[in-house]
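Please work through each task before reading its solution.

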Amino acid sequence: MQSIKNALLSVFLLALIPAALHAEKITFLTPSWGAPPDKALLESFQKESGITVEIQSVQNKDLFSRTQIAAATSQSPADVIFLTQEAPSNLVAIDMMLSLNNLQSKDPLENDLTGQEFWNIGGEQFGVPVYAQLVMMDYNTDRLKRAGFNTPPSSWSELKSMAKKLKSSGIDKHPIAMKSSDWSWYLMALSMGDPMFGNDFKPIFANKGSKSRVAMKMLLEFFSEELISPEIVAGTVNQHSIFWSGTGTFHQGWQGSIRIGNNVKKSKQAPHVAYMVLPGVGNTWSFPAAIGIAKYSKNVEASWKFIRWYTGKANQKSIYKAFGLYPSRSSVAAELNDEGLVDGYSQILAQSKKVNELPRQALWWGPFTAKVSEQILTAVQTGADSDKTVDKIAAIWNELKSEYE
Amino acid sequence: MPIDRNRGTRQDLVFVAVILLPLIILVGILIYFPAIDSLITSFTNENLRIRRLPKFIGLKNYSKLIENSEFWIVTARSLLVVSLTLPLELLISLGLALLLTEVFPGRAMVRTLILLPWMLPPIVNGFLWGWLLNGEYGALNGLLYQMGIIDEYVTWLRNPDTQIIWVAVVQTWTRFAFPTIILLAGLQSIPKDLLDAAKVDGASSWQSFKNIVLPLLMPSFAVALTIEFIAAFQIFDVIWTLTAGGSAGGAINPFTKTLMLYNYELVFRDLRIGLGAALSYLILFLSLGVAIVFVTRLYNQAVKS
Amino acid sequence: MIYFNKSQMPLSFNHYYIRRIWIYLFCAIALLWAIGPIYWIFVSSISTRMELYATPIKSWFPSEPTWDAYIRLFQGGGKYRGGDVSPTEGLMWKSLFNTLFVSIVSAAFVTFLSTNAGYVFARMKFKGKGVIFFFLMLMMPLPLWVSIIALFFMISNAGLIDTLTGMILLFIVFLLPLGIWLMSTFVREINPEIEEAAIVDGCNRWQLMRWIIYPLSKSGMAAVFLVSLLTVWNNFLLPLIFTRSPDSQMLTVVLSLFVGQYEVAWEDMAAAAVVTMLPPFLIALFFQRFLIRGMTLGAVK
């Protein structure tokens, strides 16, 4: 009797072991737009793999704070972390992310996952790309037509004169919707053709007569001539809410912004919004996002499985459908276009051929780009000279660079 | 008194110990220990982005901060915010506290309703005022326009000067409920017979207010004043959500940067936690210094009368 | 209590009514000042985005009010229609409960502990009293994030990260200095003759606390309770760093989720704000009756 009981007990226990092995739990720290939107899909992943995923959503900058404090005590805030374009300088630099090289050698990433190079820092792969957004511009075709222009501008000076015409003819009081911050300058400088940074992080934007200087001058003029609304300087609105509330003809948006722009429930500019390939040489930069594993995570294998699922076809499609974030897998993008779900595909394609990246891998990029915004805001508020502003920015770059080397 | 003196004082000491000892231990471990750790950090050059062992550098962080003009500009700005906020806030709360000690129907509801601004979480507060004050589709503009006071929408937060004023207004609006509660509770403890005696003696309302209420209210007033000073001096949420943009870039509006924002910049954005800790201690000393001055002066005044 | 009247009976019918009118006038101004923006939040929560963008004429009540924002707030499985995702799906109820629990428990502990300590500092003499008081008060103006790294280290080693207990513990410690200071101030106002009479009658300190000090400090205790409750309610940094999962997540962190990548879901945030304000409002409504003088302090039993 006793032996039968023992036998039954051991069989019972043995049966439990696989279940115990499978009931793993991983935590995923992400901003709200990184949470997998299709619950059914996530459920099926959890069932199949036996891994429970706990999603911890916080604001992006809060994500950094939480991670940095954990890093200061050599702990991980979660197993899997969502990486935005500031992550190299904010998370990788503080040694918070695990190198995926080992995992990759056993389970290599496919080639249709574009943008892997961005997340390869110093030979170590720190993230798997999730989406790739280009900074793009869109505009209100109807307003431009009313001002007498049928095609979008092909140079920045043309854009400026178009804007002036829009303003003087009363069609649009503040025709340009751009922010008084770093991105506006980068956009103009890159699209005018200035690569801004050379090899070895050299600040070639500071060279005499560089296009970046021209860009800064024009940007400041946009503000002084009130082609951009003073409310943007006040800081209570950003360029997106001001555009969608009806003010502005040219808008610094992103790859996917016309989905909101043409949504009647959210934008007064609907349905006239279309992308324009950037004027001038037309280069832009991208802000990719990826997903990686935290350094002190105890569930590396399970995290990797989750990452592979997250960057798989099904989830990428659902992310696009929910948030409009352009998938990193070129195959998925093509499929979505076939389904007719990608608005403005041809312009996106055209723009994607003109990309000139910014050095986000520099350890000091985070503080640098914030200080650039502050310099631009100061210049706008105090009417400072554009050349002096560029000089100051160059000085900041060099100072930070020397501090970190 | 024919009581066993020894037993009395020993019992008393046990009483004191039982009450105070746990608190001392709790505060010691959870407040002082981290604070001292941070103090030590302020003597090093620790930087989370630069992966090297932090080096002890003595008071260099402190001198670096004090020699930099930014520290003084930022401190002056913090003091400016305090000087704009504090009088407004305390006047409003005192007036309200007095008003709400009157008996009238609906008093309970009014008392609770005025607490609502304080129940609003800071992040909502910031966006609320951002929506109210903006010059493109803001509600304040809409109201004034429809009332005929303005005929064009005004960009209220356009200049740094107006920004600071609005920061003071919003901070007042957010926090005035706190001193009101304190003063209300303080007003309750003023013995009614003192006031009755004064009335019998023929004192006017203003005289009884000045000579009886105000001095007896001093201790509560001192607490309210000190706390609100610290809140205004160390202001962060209102400025951050209203004027700093708060975008992922981490840019901080240099025209409304006050001490705590400067501190945030050093600790969380630049990740120079050695320098940031030093600044925190400078802020602590400044806040403490003023707080002690307030408290001692007001308490002395109260004791005198 | 009618404060400024020279006698209990109104001097005249008119005088009484004039007084009332002034009171109501000031109340109206105070309410306009305090509630005006709150009303706007409520309006936002039932408006559509396009209505909020309307210029220059704004409607003071939306022409097409909708409860959509509230529905999205509390609904479990959200419908994902191109950018219409509810960021707080599943989190609202839990964080509401968590925040209520943590704030009420912390406030209760703080009130109790501060009243005791307040009495000790106000009435008792012992060696080192000044030093201990100073010790407890000194770090009050210390910015929170100074301590945060070491605190995080200690709390996580104690296994209290992401627990309600951990949050309560932290809040109690940070609220104590102010609570003690407030209560010592309020206790000092109590007429000492009552206490002396009780001691003569043979009360020990504990009985003194229970039967005399607590009842007489009701308004002070109510004030400390409310202040502590609201401080916890609005705090952002502590929940951000010390909570992780929906198990212990609190409202302020959940509210921050409404800030999207490009736009702020203001209607949704407004709806969440209205919901967030409701519990403390009800609690305050209950407690404000204690901020009324009840006991006759002059009488010595």
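**Exercise 1.** In which loop of chain A does A:Ser74 lie?

*Solution.* The model is a predicted one. Along chain A, A:Ser74 belongs to the loop that runs between helix H3 (60-72) and strand S3 (80-83). Its phi is near 55°, a positive value in a residue other than glycine. To classify the exposure of A:Ser74, count its C-beta neighbours: there are 11 inside 10 Å. A residue with 12 or fewer is exposed, so A:Ser74 counts as exposed.

**Exercise 2.** Determine where A:Asp95 is located and whether it is exposed or partly exposed.

*Solution.* A:Asp95 sits in the loop between helix H4 (87-92) and helix H5 (101-106) of chain A. Phi of A:Asp95 is near 65°, again a positive value in a residue other than glycine. Because 13 other C-beta atoms lie within 10 Å, A:Asp95 is partly exposed.

**Exercise 3.** Describe how H8(B) and H10(B) are arranged.

*Solution.* The axes of helix H8 (residues 177-188) and helix H10 (residues 205-233), both of chain B, come within 9 Å and cross at roughly 170°. An angle over 145 degrees counts as roughly antiparallel, and H8(B) and H10(B) are therefore roughly antiparallel to each other. Their crossing is right-handed. The residues of this contact comprise eleven nonpolar, two polar and one charged. Among them are B:Phe178 and B:Leu183 in H8(B), and B:Phe221 and B:Glu228 in H10(B).

How values were computed. Residues are numbered from 1 along each chain as its sequence is written. Chains are lettered from A and ligands numbered from 1 in the order in which they are written. This is a predicted model: local features need pLDDT of at least 70, side-chain atom pairs count only at pLDDT 80 or more; totals for chains, interfaces and linings use all residues. Helices (H or I, at least four residues) and strands (E, at least two) are DSSP runs, numbered from the N terminus. A residue is buried if 20 or more other C-beta atoms lie within 10 Å of its own, exposed if 12 or fewer, and partly exposed in between; C-beta atoms are placed from the backbone. Axes are lines fitted to C-alpha atoms, for helices over the stretch in contact, and angles run from 0 to 180 degrees between N-to-C directions. Angles under 35 degrees count as roughly parallel, over 145 as roughly antiparallel, 65 to 115 as roughly perpendicular and the rest as oblique. A crossing is left-handed if the near helix is turned anticlockwise from the far one by less than a right angle, and right-handed if clockwise. Two residues are in contact if their C-beta atoms, placed from the backbone, lie within 7 Å. Ala, Val, Leu, Ile, Met, Phe, Trp, Tyr, Cys and Pro count as nonpolar, Asp, Glu, Lys and Arg as charged, and the others, Gly among them, as polar.
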